[in-house]
Amino acid sequence: MSEHPGLGAPRHWLLTAAQDLVDTQKVVQIDACATVEEACDALIEHNIQSVPLYDARSHSYVGMFDVHDLAAFILARRSTRPSSQPGTGSPLSRRVLEPAEPASNDLVGRISDLSHLNPFYSVVPETTVAQVAQVFAKGAHRVAVMQSDREIRGILSQARVVRFFFEHSDNATLAEHQLLDTSLDTLGLVTRDVVCVSPDTPVLKALSLLESHRVSSLPLVDNEQRLVGSLSLSDVKHLARNRRLTRASCRELVQAARYVQGLREGQDKAAIFSARPQATLRYVLAKLIATGAHRIWISEAVSSVTSSTPETTPASNRRASVSSASSQTVPVDLARYAGEFGDRVCGVVSLTDILRLLVDSAPSPRADPDYNYASMD
């Protein structure tokens with residue numbers, strides 16, 4: 001890349017306008033007076049994790065409903081016994097069980113942002129990817145790119161930003177290329193404190209863990225911590241239509257969710273994806289983009305012993321390849337990178353972790369010294 005911006009140098013991906021990443025998107029929204037079941041039907045039908053709520057009376061958006069809100073709603077309902085008196089219980093339970101209007105308990109507008117994890121963030125079309133990425137690096141999963149106060153141009157997600165970076169990595173800086181070819185362990189990306197559950201764990205217990213630890217997925221492991229499955233918030237939305245599953249095990253919920261996904265998409269959705277700590281960031285990005293996942297479990301062979309490995313993988317050691325949804329084909333050493341059935345879970349890497357790394361490693365915008373990456377104005 002040229003050292004002199006403006007002299008033929010490609011524009012850095014972080015300086016792209018948010019509107020450019022959502023221009024071809026069809027926005028899904030629901031009325032704030034819809035039921036929770038109708039909202040979850042929309043999530044399932046469009047294979048999304050959240051949806052903006054529109055209030056037809058005020059002609060404005062009043063919030064964002066996501067699966068964390070559904071989980072909080074179910075837990076609040078279950079935490080209050082039928083004998084409880086009005087005014088008792090937690091503030092969360094009172095909000096759910098004491099509606100302002102009769103028969104409004106199950107209106108999705110009442111439980112929007114119930115979990116306080118993914119509030120409605122909005123930005124103007126000219127907001128840069130750098131500014132949005134700063135918000136994502138702090139844990140937000142999506143922002144609404146507004147056309148006007150009463151119209152959403154598109155929803156920009158963590159996954160879309162990461163895919164945009166990967167698709168344009170040919171124009172990445174030298175430092176970014178070095179990051180891509182560095183192992184997860186060396187980058188310090190692996191979160192080692194992972195909450196695991198058994199496949200036989202009750203669904204309500206798993207929901208409680210998801211909410212209390214503020215995570216979006218739990219690995220299902222056997223008695224020796226070997227990875228056998230995964231429960232994510234995308235599975236939880238199926239509880240709205242089949243509430244019998246709230247009394248089921250994690251195994252049963254995952255099986256029911258995969259069955260519905262298979263019917264809708266015409267393919268088996270049972271695969272579990274994991275990677276080794278020695279895998280490079282480039283390999284993990286390709287896997288995340290190809291599978292549409294928001295995190296990847298990190299696993300180690302039962303007999304493996306932690307050791308220091310070189311930061312990068314020489315081209316001579318790359319013996320296979322993995323294709324992502326972008327045009328790239330990423331050469332890999334499968335024996336060192338890909339997790340295997342029977343591996344023990346030792347960590348997780350999320351899109352939030354990756355975006356935080358990319359933002360922290362971003363070059364200074366020399367073409368505009370007054371530019372503030374952190375500004376949302």
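**A tour around strand E5**

Start by selecting Ala144, which stands opposite Ile155 in E6. Before going on, note that this is a predicted model, in which local features need pLDDT of at least 70 and side-chain atom pairs count only at pLDDT 80 or more, while totals for chains, interfaces and linings use all residues. Residues are numbered from 1 along each chain as its sequence is written, and side-chain values use heavy atoms, with hydrogens and water left out.

Next, show strand E6 (residues 151-157), which runs antiparallel to E5 and is joined to E5 by six bridges. Strands pair here if DSSP finds at least two bridges between them. E5 and E6 form a hairpin, with two residues between them. The labels come from DSSP runs numbered from the N terminus: helices are H or I with at least four residues, strands are E with at least two.

Now color E5 by accessibility: five of its seven residues are buried (under 20% relative accessible area; exposed is over 50% and partly exposed lies in between, with a 1.4 Å probe and protein chains only).

Then pick Ser122, whose bridge partner in E5 is Ala144. Strand E4 (residues 122-123) pairs with E5 in the parallel sense over two bridges. From E4 the chain passes through H5 to E5, a right-handed β-α-β crossover; with the strands pointing away from you, the path from the first strand over the helix to the second runs clockwise.

Last stop: Lys138, in the loop between helix H5 (129-137) and strand E5 (142-148). Lys138 counts as exposed because its relative accessibility is 73%.
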